[in-house]
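Here are my notes for you on this one. Keep the viewer open while you read, and take the points in order.

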Amino acid sequence: MNGDPTAVEPAAHELAFGRPVLIVEGPAGRERADVVIAGGLAQARWTAWAIRYTSGFLCAAMRAGRADELDLPAMVRSGPRDPHTPVYGVGVDAATGIGTGISAIDRARTARVLAHSTTRPADLCRPGHVLPIRTSERGVLARRGNSEAAVDLCEIAGLAPVALMATVLGSDGRLLQGAALSTFARRHRVPVLRVDDVLRHRVHHGYGRSGRVRAVTERAVVIAGKSTRMVDFADGLTGALHTALIGASGPPRSTAPVYVIVECRHDDPLFGPSEWRERMDDYRIRVATHGGTLIYLRNDPDGRHTYAVADHELARGAVTAVLRQLDLADVHIVGWPDGTASQSEGVFI
């Protein structure tokens, strides 16, 4: 999984101040860029700017569940659908406080109404001039799309998960791409990030600013005659419960070992329960006797979700999230989920 680990926080900062960012998907030279403004902070100035430099077709991306609460069904409810095409809802205007609904002032107000937590279906008129986009409940983890990334970015910024967005066009009416897109972003001082930047941030940091994992229980256990600390972490992305076994500090060393074990799937013919248990016991004794940490990663308990990221990337994100919670930075990974070892500089983002 590619992605710039430094791109997300600056973009989230801009959104939090009501300013726009650009989210890009697609390969270089064939990309599509969308202007994104936090719906809850939408104002006439930046909305008008977005209309001027885009198609003018302003959409409000939000979780499908919230769209249901606001009675904003999909325009097409059944039949085959291209998974790369966003699911558009019925267009709306704010029911009060606007004129015709088409002006930048009116559309900014409609976006704010859509983003407000107390808004109910009666607060919206249908049809209208802002088109909802119904996004996946799990955001970019489920679908690597601009609209999911925009909603996720609003959430990362600590804002209501509603994003006002439109596709950037050049003066000739074509998609703005390549060098022309870079020039546009520099001229207007607008941060640019890619969908994969948001996905990488989610995989390692979870939802919002609370972190991907949180410690839920802690206890002392005796292994090989020595007391060790065991901490359980709830994974906010997968719902799994991971466990870390932390040994007592041993002699000073340049890097502390961190052993990673991923939960055994009993139907895996290449890695059965016997080998798995032997490795687990070996690592437990090493940690208790010589120090270090053992991280035991469990799988998605439901087993029903599919992710827009490889399993080993999802597991790596869980490892870095646990290490961050334990405040471990100078470490050497043994059993890194993609089969390689890594020093700390390859772990944190």
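1. Let's start with a word you'll need: a residue counts as buried when its relative accessible area is under 20%. Leucine 114 has a relative accessible area of 0%, so it is buried. You'll find leucine 114 in helix α4, which covers residues 104-115.

2. Before going further, remember that you're looking at a predicted model. The chain's average pLDDT is 88, and 88% of the residues reach at least 70. Be careful with residues 341-349, though: pLDDT stays under 50 there. The model still has 32 contacts for that stretch beyond four places in sequence.

3. Now for the overall picture. The chain has nine helices and 15 strands. Of its 349 residues, 49% count as buried. If you take the contacts between residues at least 6 apart in sequence, 68% of them join residues at least 24 apart.

4. Back to leucine 114: what does it touch, once you leave out residues up to four places away in sequence? Its partners are Ala60, Met62, Arg66, Leu70, Leu72, Val92, Leu124, Val130 and Val162. Try the distance to alanine 61 as well: leucine 114 and alanine 61 are 53 residues apart in sequence, and their C-alpha atoms are 9.7 Å apart in space.

5. Is histidine 188 buried or exposed? With a relative accessible area of 19%, histidine 188 is buried, because the cut-off is under 20%. Histidine 188 belongs to helix α6, which spans residues 178-188. Leaving out residues up to four places away in sequence, histidine 188 touches Trp49 and Tyr53. Look at the tryptophan 49 pair in particular: the two side chains make a polar contact at 3.3 Å.

6. Last, have a look at how two helices pack. Helix α7 (residues 195-205) and helix α9 (residues 311-325) meet at an angle of about 55°, and their axes are 7 Å apart. The two helices are therefore oblique to each other. On the α7 side, the residues involved are Val203, His204 and His205. On the α9 side, you'll see Glu313, Leu314, Arg316, Gly317, Ala318, Thr320, Ala321 and Arg324. Sort the residues of this contact by type and you get four nonpolar, four polar and three charged.

Methods
Residues are numbered from 1 along each chain as its sequence is written. This is a predicted model: local features need pLDDT of at least 70, side-chain atom pairs count only at pLDDT 80 or more; totals for chains, interfaces and linings use all residues. Side-chain values use heavy atoms; hydrogens and water are left out. pLDDT is the predictor's confidence in each residue, from 0 to 100. Contact means heavy atoms within 4.5 Å. Helices (H or I, at least four residues) and strands (E, at least two) are DSSP runs, numbered from the N terminus. Buried means under 20% relative accessible area, exposed over 50%, partly exposed in between (1.4 Å probe, protein chains only). A polar contact is a pair of N or O atoms within 3.5 Å; within protein, one must be able to donate a hydrogen and the other to accept it, and residues adjacent in sequence count only if both atoms are side-chain atoms. Axes are lines fitted to C-alpha atoms, for helices over the stretch in contact, and angles run from 0 to 180 degrees between N-to-C directions. Angles under 35 degrees count as roughly parallel, over 145 as roughly antiparallel, 65 to 115 as roughly perpendicular and the rest as oblique. Ala, Val, Leu, Ile, Met, Phe, Trp, Tyr, Cys and Pro count as nonpolar, Asp, Glu, Lys and Arg as charged, and the others, Gly among them, as polar.
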